[in-house]
Amino acid sequence: MDRFQRLMYWLAWFGIMPFIITLSLSIRGQSLFDNRGEQLFIIYSVIICSFMAGSLWGQAVYSENQSRSIIKVLASNAIALLVFGGLLAGLADHQMLVLLAIGYLATLIIECINTEPLADGRVKSYLSMRAIVTLAVFILHCFLYASLKIT
């Protein structure tokens, strides 16, 4: 694994930390900057989900397969606009968590289905890491959802 790949892996895992911190705040009923933990979790999640959807656009730019590129560009916009729209529409916290979880899974599925493999295995390694990190993020969304339903 080269230096760049290691950096990507570390950043992906460090990106989960704000989810864990804000989930912890929510479960304890604490606030930060006058925002409840679940609000901060959802805001951060909208940013990250939009970022991950945007990465589909970036991949499409360098793809030689035009039909796969079209799917990625359309999905990129649809996912980012849906999660941002949900936030602007004032969806309830539990509704936003479901929408975001779907956004993460959709981004991963579209990326896995529409990414051409490279001979050196970089794509496979990246997609494996993405699947694991997405699963972790999905589970954290489920934990927050469950904690909101209990209270």
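**Exercise 1. The core**

Which residues have the most contacts inside the largest nonpolar core, and how many residues does this core have?

*Solution.* Start with the ground rules. This is a predicted model, where local features need pLDDT of at least 70, side-chain atom pairs count only at pLDDT 80 or more, and totals for chains, interfaces and linings use all residues. Residues are numbered from 1 along each chain as its sequence is written, and side-chain values use heavy atoms, with hydrogens and water left out.

Step 1: A nonpolar core is a set of buried Ala, Val, Leu, Ile, Met, Phe, Trp, Tyr and Cys residues joined through side-chain atoms within 4.5 Å. Buried means under 20% relative accessible area, exposed over 50%, and partly exposed in between (1.4 Å probe, protein chains only).

Step 2: read off the core. The largest one has 25 residues, and Phe 19, Phe 41 and Leu 100 have the most contacts inside it.

Step 3: assign it to helices. Helices (H or I, at least four residues) and strands (E, at least two) are DSSP runs, numbered from the N terminus. At least two core residues come from each of α1 (3-14), α2 (17-28), α3 (37-61), α4 (66-88), α5 (93-113) and α6 (122-150). α3 gives the largest share, seven residues.

Step 4: take Phe 41. Contact means heavy atoms within 4.5 Å. Beyond its neighbours within four places in sequence, Phe 41 touches Phe 19, Thr 22, Leu 23, Leu 97, Leu 140, His 141 and Leu 144.

**Exercise 2. Helix α4**

Find which residues of α4 are buried, and what covers them.

*Solution.* Step 1: check the helix length. The expected span is 1.5 Å times one less than the number of residues. For the 23 residues of α4 that gives 33 Å, and the end C-alpha atoms are 33 Å apart, so the two agree.

Step 1: list the buried positions. They are Ser 69, Lys 72, Ala 75, Ser 76, Ile 79, Val 83 and Gly 86. An α-helix has 3.6 residues a turn, so residues three or four places apart point the same way.

Step 2: find the cover. It includes α3 and α5.

Step 3: look past the end. Just after α4, Gly 90 takes a positive phi of about 75°.

**Exercise 3. Salt bridges**

How many salt bridges are there?

*Solution.* Step 1: apply the rule. A salt bridge is a side-chain nitrogen of Lys or Arg within 4 Å of a carboxyl oxygen of Asp or Glu. The count is three.

Step 1: start at Arg 36. Arg 36 pairs with Glu 38, with the closest N and O atoms 3.1 Å apart.

Step 2: Asp 93 pairs with Arg 36, with the closest N and O atoms 2.9 Å apart. Asp 93 lies in helix α5 and Arg 36 in strand β2 (residues 35-36), so this pair ties together parts 57 residues apart in sequence.

Step 3: take the remaining pair. Glu 111 bridges to Arg 130, with the closest N and O atoms 2.8 Å apart. This pair links distant parts of the chain, with Glu 111 in helix α5 and Arg 130 in helix α6, 19 residues apart.

Step 4: look for shared partners. Arg 36, Glu 38 and Asp 93 are joined into one network.
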